[in-house]
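Student: I would like to go through the labels on this model and check each against its definition.
Tutor: Then ask about them in turn.

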Amino acid sequence: MSFAKSKHVMALVFAASAVILPGCSTYKPAPKAFHEVTIQPYTLDAGDRLRVTVFEQEGLTNTYTVDQAGYIAFPLVGQIPARGRTLQQLEGLLAQKLKQGYLRDPDISVEVDRYRSVFVMGEVGQAGQYSYVPGMTVQNAIAMAGGYSARAYQGNADITRRINGEILTGRVPISDPLMAGDTIYVRERFF
């Protein structure tokens, strides 16, 4: 091989590495908070539908959806902040608000009627929005989205998750648990 030709080949290798390496630098393993949040009590956010039972108060017992701003509109007391609260914290807040001139000793139960959706993107059969089920893994969500496409990388996936009000993205194995509201991105394989 001539010197000019080898110089040209080296230039091509350098150019290819300049394109590939920046893609590698965007790789981020899942932060520690990704795994910690999966073992903590469920926190509410926009899109969750709640079943609120106020015992002996049928007019207040109903389903309520957490709106985009993170509130539920509750009769008598108005807008109640739900985002970031556990079910027990919301029960306590509702009881406190209802005690302020409406009910003497309210007995309230809050449970999730429907969790906010998960979203699957990238190299899957049918990208889209899917219902979350407690205990769901990345692999379960990919299966719901029609499985992998022919070009999909199947070893792991990128997850975007809201944790303590901050949006984080990290790469996780497909056996990792999901949280309601997660966005899963299945990358294309290179070879």
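Student: In which strand is Thr160 found?
Tutor: Thr160 is found in strand 8, residues 156-163; strands are DSSP runs of E with at least two residues, and helices are runs of H or I with at least four, both numbered from the N terminus. This is a predicted model, in which local features need pLDDT of at least 70, side-chain atom pairs count only at pLDDT 80 or more, and totals for chains, interfaces and linings use all residues. Residues are numbered from 1 along each chain as its sequence is written, and side-chain values use heavy atoms, with hydrogens and water left out.

Student: Why is Thr160 called partly exposed?
Tutor: Its relative accessible area is 27%. Buried means under 20% and exposed over 50%, with a 1.4 Å probe and protein chains only, so a value in between is called partly exposed.

Student: What makes the pair Thr160 and Thr169 a polar contact?
Tutor: Their side chains approach to 2.9 Å. The term needs a pair of N or O atoms within 3.5 Å, within protein one able to donate a hydrogen and the other to accept it; residues adjacent in sequence count only if both atoms are side-chain atoms.

Student: How do you know that strand 1 and strand 5 pair?
Tutor: Six bridges join strand 1 (residues 49-54) to strand 5, and pairing requires that DSSP finds at least two bridges between two strands.

Student: Why do strand 2 and strand 5 stand at the edges?
Tutor: The open antiparallel sheet has the order 2-1-5. Strand 2 (62-65) and strand 5 (108-114) each have a single partner strand, so one side of each is left without a neighbour in the sheet.
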